[in-house]
Amino acid sequence: MSDYNFAYLDEQTKRMIRRAILKGLAIPGYQVPFASREMPMPYGWGTGGVQVSAATLTPDDTFKVIDQGADDTTNAVSIRKFFEKTAGVATTEETSAASVIQTRHRIPEDELREDQILVYQVPIPEPLRFLEPSEVETRKMHSLEEYGLMHVKLYEDIAKHGAIATSYAYPVKVEGRYVMDPSPIPKFDNPKMEMAGIQLFGAGREQRIYALPPYCQVVSLDFDDFPFEASKADHACDMCGATDSYLDEVIMDDAGNRMFVCSDTDYCASRRKAGHVGAQGTPFEEDAA
Amino acid sequence: MTPLLQVQNISKFYGHRIGCQDVNFDLYPGEVMGIVGESGSGKSTLLNCLAGFLTPETGEVRFEMRDGEMRDTVTMSEPERRMLSRTDWAFVHQHARDGLRMNVSAGGNVGERLMAVGARHYGNIRAEAVDWLGRVEISEERVDDRPTQFSGGMQQRLQIARNLVTGPRLVFMDEPTGGLDVSVQARLLDLLRGLVREMGLSAIIVTHDLAVVRLLADRLMVMKDGHVVETGLTDQVLDDPQHAYTQLLVSSVLQV
Amino acid sequence: MIEIRNLSKTFTLHNQGGAVIPVMHGAELVVAPGECVALTGASGAGKSTLMRMIYGNYLAAGGSIVVDGVDVVQAEPREILALRRDVLGYVSQFLRVVPRVPTVDVVAEPLLAVGAEGEAARAKARELLARLNIPERLWSLSPTSFSGGEQQRVNIARGFAHDYPAMLLDEPTASLDATNRETVLSLIEEAKARGAAIVGIFHDEAARARVCDREIDVSIYTPGLTAGAA
Ligand SMILES: Nc1ncnc2c1ncn2[C@@H]1O[C@H](COP(=O)(O)OP(=O)(O)OP(=O)(O)O)[C@@H](O)[C@H]1O
Ligand SMILES: [Mg+2]
Ligand SMILES: [Zn+2]
């Protein structure tokens with residue numbers, strides 16, 4: 001612990017990142033450039049999110065990390081361990097107990113509160129990148145609100161697949177101004193972005209931070225005749241029976257048996273604790289043994 | 001009738017070299033003006049100054065806005081100017097790849113300008129794209145193909161459809177038939193003539209092909225070394241050129 | 001309808017040492033509605049040059065050419081184009097058309113340009129093509145592949161499609177057989193009857209005598225030439 005400054009980064013770097021965060025909160029959806037630092041983990045492992053978390057955490061915080069909804073993946077565990085070690089903060093797997101949640105590709109099912117902060121790891125912050133490779137041009141398009149191209153992308157989707165096939169990183173317009181990439185969360189999560197908690201987005205390799213202050217208007221782009229739908233597998237969780245959660249499809253065996261389970265492991269576990277049982281589930285007590 | 005475009009004293013320098021100097025003209029609604037001259041004479045420089053891609057050192061490019069007001073597009077704000085280039089102006093590039101999104105379907109290419117000005121009904125956008133593809137003689141079956149799968153002539157026609165779909169009032173064309181073989185050129189010119197007449201477009205066409213201006217342009221402007229050396233009715237300039245350079249130009253090409 | 005005053009024309013050949021060739025000087029001509037005036041004079045006297053100046057195709061060096069109130073010598077390109085569209089027709093010696101356009105549309109174009117309805121314009125075009133004995137099977141083809149005589153008749157049909165108040169005819173009966181020649185002369189007579197002011201060049205003396213009210217020898221305006229000199 002004493003080998004590191006609190007939360008690994010030096011104070012000056014954290015101040016620089018906090019300034020970027022504050023600017024991001026002041027201009028919701030706007031991508032603020034920041035000088036990304038080397039972190040003791042490779043890019044693509046959430047260095048952007050980690051730096052934002054490092055600049056956000058205080059000694060009193062309780063920290064939670066999820067990777068596609070799960071607290072127990074290698075990635076989630078190693079980031080959690082990293083901050084246990086470098087910041088000495090308390091950690092938890094319980095959404096409601098956490099004050100700062102770092103996430104990769106999901107928003108927890110439990111509604112976040114005003115005293116919670118959600119930190120996203122972002123691989124590609126620029127929603128226009130797919131069609132316009134020039135950074136100079138995309139910055140100009142943002143500043144001039146020239147967003148026709150975003151709809152071209154959705155148009156191409158419908159032309160090719162008969163429907164808007166984009167199901168992750170579904171673009172949104174924030175407060176009627178900036179078009180933003182919500183990171184590769186499933187589009188099922190898009191409506192949740194209008195939340196009480198603060199949302200911070202960090203892209204390490206691309207050196208961008210952006211943010212959504214509480215209760216921000218976040219509208220998923222669509223067409224009048226192909227309206228946005230926050231879809232998920234038409235199924236209930238086989239473990240806890242939830243019908244309102246985002247589900248992962250799990251292949252059980254070589255025979256192709258499969259199971260739908262909540263991608264949010266904490267949500268599923270707490271439902272089972274509360275006595276809910278899904279079609280293939282077992283009561284919680286036995287499972288815990 | 002009031003001019004659609006008033007060009008006054010436009011000069012553009014590249015360091016010490018003259019791009020174009022002291023160019024003046026008025027363009028009226030429905031008029032098609034050709035700009036000819038050898039390569040390096042400043043045609044494209046001038047066109048790019050007019051279309052807002054280059055900022056001239058001196059002069060004004062006054063354009064009649066939809067409310068009738070004449071506005072200098074050189075000094076107007078960039079968002080306003082870019083809005084004009086998406087709505088009232090069109091630019092057909094010599095190389096289709098400069099004017100098309102090669103990784104987007106033909107329909108998406110045509111639909112982009114509609115979406116850029118707020119169209120949000122997929123069915124309507126697609127119907128309009130198909131209609132425009134038809135008008136430039138590209139069959140409906142190709143609507144989902146990418147321009148990379150099109151011939152050079154088809155790419156140019158797609159570029160024209162993509163530009164004209166929002167009903168612009170002024171079209172800039174830089175060598176629109178360059179690099180196409182003669183029969184393909186003829187077809188494209190025929191198409192352009194029809195569209196210009198039908199839509200009442202004003203156009204400025206840069207080319208070094210005198211046959212192209214003879215067919216398309218009402219008026220001609222001849223440039224040499226960045227200066228305008230002669231202007232007038234197209235057939236008059238070509239058949240009774242006054243300036244030494246124009247006489248040379250006319251006599252040095254096959255009779256058109 | 002057409003009023004020419006003190007008209008002069010020079011050609012300056014910059015690429016031949018700047019030689020200045022005066023080809024016309026002090027030309028005067030007034031043509032009233034319903035009148036047909038023939039331009040005569042030896043080859044090179046300046047008949048076609050005068051006609052081209054009236055049309056705005058050649059630039060005058062001085063003087064004025066007022067057609068229906070517009071001075072072609074001073075007018076802006078768009079004013080000349082408007083004059084050509086509405087008032088002043090020109091049957092040149094050669095047909096010049098956009099490739100690929102069907103003959104019937106080539107002929108109908110002047111009518112469409114003045115705002116005629118498409119089918120009415122094509123009906124008129126077909127009527128003229130029939131009168132000039134262009135076989136119906138050719139109407140849907142581009143005239144670019146036609147014989148010289150056929151092209152000339154298409155050119156005449158096009159020139160007479162719209163009822164221009166003023167017309168310029170450069171050897172309209174040249175290289176036509178007797179039947180077609182007769183048709184063209186009737187077309188000219190009909191145009192005169194509806195009040196068109198016509199300026200024509202006719203090497204065919206009988207034709208000239210039949211349709212022209214007056215002759216004017218342009219040689220009298222040719223610097224260094226006198227009338228009647230061959
Ligand atoms: N574009 C031009 N450039 C230079 N000189 C020209 C041009 N057009 C005509 N001329 C000259 O002007 C004079 C008049 O020529 P024009 O063709 O008008 O004669 P014309 O009376 O119609 O002769 P023809 O009876 O042979 O048709 C001639 O000396 C001719 O060489
Ligand atoms: Mg002649
Ligand atoms: Zn569950």
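**Exercise 1. Find which helix gives the most to the lining of the second largest pocket, then describe that pocket.**

Step 1. Go through the lining element by element: helix 2 of chain B comes out on top, giving five residues. Helices here are DSSP runs (H or I) of at least four residues and strands are E runs of at least two, numbered from the N terminus. A pocket is an open set of points on a 1 Å grid over the protein atoms alone, with protein on both sides within 12 Å along at least five of seven lines; a lining residue has an atom within 4 Å of a point.

Before going on, keep in mind that this is a predicted model: local features need pLDDT of at least 70, side-chain atom pairs count only at pLDDT 80 or more, and totals for chains, interfaces and linings use all residues. Residues are numbered from 1 along each chain as its sequence is written, chains are lettered from A and ligands numbered from 1 in the order in which they are written, and side-chain values use heavy atoms, leaving out hydrogens and water.

Step 2. Get the volume: about 980 Å³, taken as the space filled by probe spheres set on points joined across faces, edges and corners. Of the 36 lining residues, the closest to the centre are Glu137(A), Phe53(B), Arg82(B), Arg101(B) and Arg162(B).

Step 3. Elements supplying at least two residues each include helix 4 (135-143) and helix 5 (148-161) of chain A, plus strand 6 (89-92) and helix 6 (152-164) of chain B. Within chain B, domain 1 (1-88 + 172-256) and domain 2 (98-167) each provide at least three residues; the bounds come from an automatic or database domain assignment.

Step 4. Nonpolar covers Ala, Val, Leu, Ile, Met, Phe, Trp, Tyr, Cys and Pro, charged covers Asp, Glu, Lys and Arg, and the others, Gly among them, are polar.

**Exercise 2. Work out how many cavities of 30 Å³ or more the structure holds, and what lines the largest cavity.**

Step 1. Count them: there are three. A cavity is a set of points where a 1.4 Å probe fits but cannot get out.

Step 2. Take the largest cavity, at about 50 Å³. Its lining is Cys49(B), Gly52(B), Leu54(B), Thr55(B), Pro56(B), Thr73(B), Val74(B) and Arg81(B), which splits into four nonpolar, three polar and one charged.

**Exercise 3. Trace the seven-stranded open sheet of chain A.**

Step 1. Write down the order, 1-9-8-5-4-2-3, with mixed pairing; two strands pair if DSSP finds at least two bridges between them.

Step 2. Spot the edges: strand 1 (32-33) and strand 3 (90-91) of chain A each pair on one side only.

Step 3. Zoom in on strand 2 (residues 62-67) and strand 4 (residues 100-104) of chain A, which run parallel and are joined by five bridges. Phe63(A) sits opposite Val100(A) there.
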